[in-house]
Amino acid sequence: MAGASTPRVVLGQLALLIPVGSDTYAVSLETVREVVVDPRVTKLPTSPAVVRGVFNLRGDIVPLLDTGLLLGLRPVMEEPYAVLVETPHGTAGLVATDMPLTVRLNESVGHSDIEGTTETYLVADARLAVALDIPVLLSPGRISQ
Amino acid sequence: MSPQESLSENDFQRLFAMEAEGRLDTLVDELLELEKGGATPEVVASLFREAHTIKGGAAVVGMPHVARVAHALEDLLEEVRRERRGVDTALIDAVLAGVDAIRTLIPLAVAGQEHEKVAFDAEQRLRIAVGGPPVVDDKAAAGPDVTAPAAAPGATPSVRASAAPDVTVPAPSAAAPPPVAPAAPPPAPAREHHAGDGSVEAHGAADGAAGHAEPARATATEMLQIPVHRIDELVRLIGEASAATLRLGSALLERLERDPSGLTEYRDLVRSLNELQELALHARMIPVMSLAPRLRRAVRDLARETGKEVRFETRGDDAEIDRGVLERLADPLLHLVRNAVDHGVESADERRQKGKPAEGTIRLHAMQLGSEVVIAVSDDGRGIDVARVRETAGRTDRSAIEMDDEAALYLIFRSGLTTATKVTGVSGRGVGLDAVRASLNAVRGRIEVRSDPGMGTEFRIAVPITMATLRCLVIKAGGQAFAIPLHSVRAVLPSQPSATVGGRAMTMLDGRPVPISSLSAVLGTGNGAVGPAVVLAGLTRSHAFTVDDLVDQRDVVVKGLGELVPRLPAVAGAGVQPDGSILLVLEAAGLIERARRMDNGDRSQEAAGGGGHEEPVPHRAASILVVDDALTVRELQRSIFENAGYRVRVAVNGEEALAEISHERPDLVLTDVQMPRMDGFELTEAIRKQPSLASLPVIILTSRGSDEDRRRGLECGADGYIVKSGFDQSALLSAVERLLGEDR
């Protein structure tokens, strides 16, 4: 399946931390294509709320997704950063509300029960980061729900 | 800004061209049957009917030369039908020459040209052939000497060579015979698209890279076999060049503050790139029917496996589509035809008991409508048992039980739903239709289903021909700019007041009421707008939308939104603009559907709230049943009446019309005369025999203008008799209005 070939976050690996409101998420750096500052988003009428719109990435049209709503949590209020991740179904942007940072992960401190996430890690400043399971989180079926 | 004005008329001409192509194929097939000695009354009657239908359609869409040749063809076949003339080589040749002439004249007429001499020569030849030999003993007439092509014009051997059932004479200009010997199939370029099915059936010779309209069929030396990946690479590079040009434009603007659209050199570059892109995309187009051999094979194998008798027919050989899009359609279409054999068509015994022919028919019909190709897969089987679908779905979803028939029918696309009582190797596993829908979503296609219990089922797939450049009207609504493909814009109206009729806001276009909504309200991005209104035409309906402002017209390279964005029926795609912004391209059919649903929702809410104010007497839209076996005529009439605010249902012959009437009585019936199974006279008589229908107005619309027919029409109880050659929209509408006025 698609998930088998897509890198997940593991111990000692480089990960990108995505701040969303007061929460922090982590994605394997290998799945991240780039981070776009202040993406120019075109709203997509009639789409589900999780799709905040689309933006132009050097001629490609990329959807920007609300990271909070994707996890079944509160929607984000603004979209200062877009973290571009590669999925088996194409590239998508995840909203980050603060500057994303790269870290090397320590040992997992526990399993996360939120659907679409895997483990919880302790990162700098005594913050907890929940690792995202990109293939599960960004499946077309889940987005259209 | 000028919206396309005569678009709808030309659309109908093109629709007719496609339909006629299919009918001409049938005609040639049956003619060869006749030549082989199969001069049964059914074959002769069917030949006559095909010619007759082509004549009627041609008259309706304004192709008088085509109508003239078809008329001569009809007269000649009428002689055979009345057994006043036998079948011989001269007859076959004359008819084939007539078919060739029609094939030459139709594309000319679509292009707005005429060719008097072609029509005259063919007509003369057909008229001369009427004076052929008398009917002789059937068997003798079918002797071997008849099949010898003799000194026939080239058309004869070429057609004979393609007598395999799904082989068609390449469209649209088969007038010139192929320069190669008919025994060997011409070299077929881009052959890989119908490889893989093990089928050895030959296919339309002009398919593949060079298969677009050409004055005469290309000879072998004019064709070049090119690997598809090279064309794909070409398209990709042109796409990149276009994108780079757009970036160059925005760099000019940002760094040098020069507006690139003011530079002739820049405009020339953009124009050349657009043309190049169009040509390259066209090179990737292949006929939809290149899938036919694979589907035919699947039908034949499965029919044998299930012990059923099934015939597979194809129509619309000249409909072309981007190779990439067609590849994605192969599996969904395979699913649909296999379902039709397994679920739709009954066993021969069951069919006989129901009074149907033992052999079931599955049809694959493709046609181009605007920027879309519509592909229909229909069968004449048992239809979908909606009650069972509802019951099965209701076991897991209580809301299904409440659904009306139409909504319940669409439950078949849900994952895991099957009503088949036993699982076969083919279907009944509850996978398939949901996968079909998912595959179509990937190419921004949509699927509709219609089913009549006992009569059959039709699935209609509509997919964009390509994700190519579209000429668009750019408007602003709710503060956001949107592009609307120009081919779906019927008119642009200045800001004007609308009236409320039956709870629905309406405006007027060409003296006819058209529903009107605010675009931003329909899109959920704002409330009303007081600007101009854009009237959009969907597949069957028109609807006006008020916008904030009109911006301009421009070419948009339309891209999909990717697999991660769910399919949005109101959005066709998006284009990247020179300034780097994204312009969304709207989809007329999806918008109209959304506006209608919102409108209906508003009205049912109003009704539920018991609306404190007196509405003017709600005038229920009168319903008209259009009965015609010709698709073009049916769709033309549907469009005329729906635009005039009527509800329209259609039936393809008298029998189907009676079934429709017993299901729900229409307010008026408009019928053709010549139709298979039950003609218009018989239908009118059958209606008049039922006391409850005695007052149901019936209008006969026909291309037969003879006094005898007119008398017969009125004798059997028709209220009106309109001849198609004198066909005039306003005359038809006023006749209908007059009759409905008397009735109501």
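Let's start in chain B of this predicted model, at helix α21 (residues 654-663). Which residues of α21(B) are buried? They are Gly654(B), Glu656(B), Ala657(B) and Ile661(B). If you look down the axis of α21(B), these buried residues fall within an arc of 155°, so they line one face of the helix. Turn to the other side of α21(B) and you will find Ser662(B) and His663(B), which are exposed.

Now let's move to where the two chains meet. Chain B brings 21 residues to the contact and chain A brings 23 residues. On the side of chain B that touches chain A, the elements giving two or more residues are β17 (571-576) and β18 (582-586). Of these, β17(B) gives the most, with three residues. Sorted by class, this side of chain B has 13 nonpolar residues, six polar ones and two charged ones.

Glu79(A) sits in the loop between α2 (67-70) and β6 (81-87). Is Glu79(A) buried or exposed? It counts as buried, because it has 21 C-beta neighbours inside 10 Å, and the cut-off for buried is 20 or more. Leaving aside residues up to four places away in sequence, Glu79(A) touches Pro39(A), Val41(A), Arg52(A), Leu64(A) and Val95(A). As for Leu94(A), 15 residues from Glu79(A) along the chain, the C-alpha atoms of the two are separated by 9.1 Å.

Conventions
Residues numbered from 1 in each chain as written. Chains lettered and ligands numbered in written order. Predicted model: local features only at pLDDT ≥ 70, side-chain atom pairs only at ≥ 80, totals over all residues. Helix = DSSP H or I, 4+ residues; strand = E, 2+ residues; numbered from the N terminus. Buried ≥ 20, exposed ≤ 12 C-beta atoms within 10 Å, placed from the backbone. Contact = placed C-beta atoms within 7 Å. Nonpolar A, V, L, I, M, F, W, Y, C, P; charged D, E, K, R; others polar. Arc of directions from axis to C-beta.
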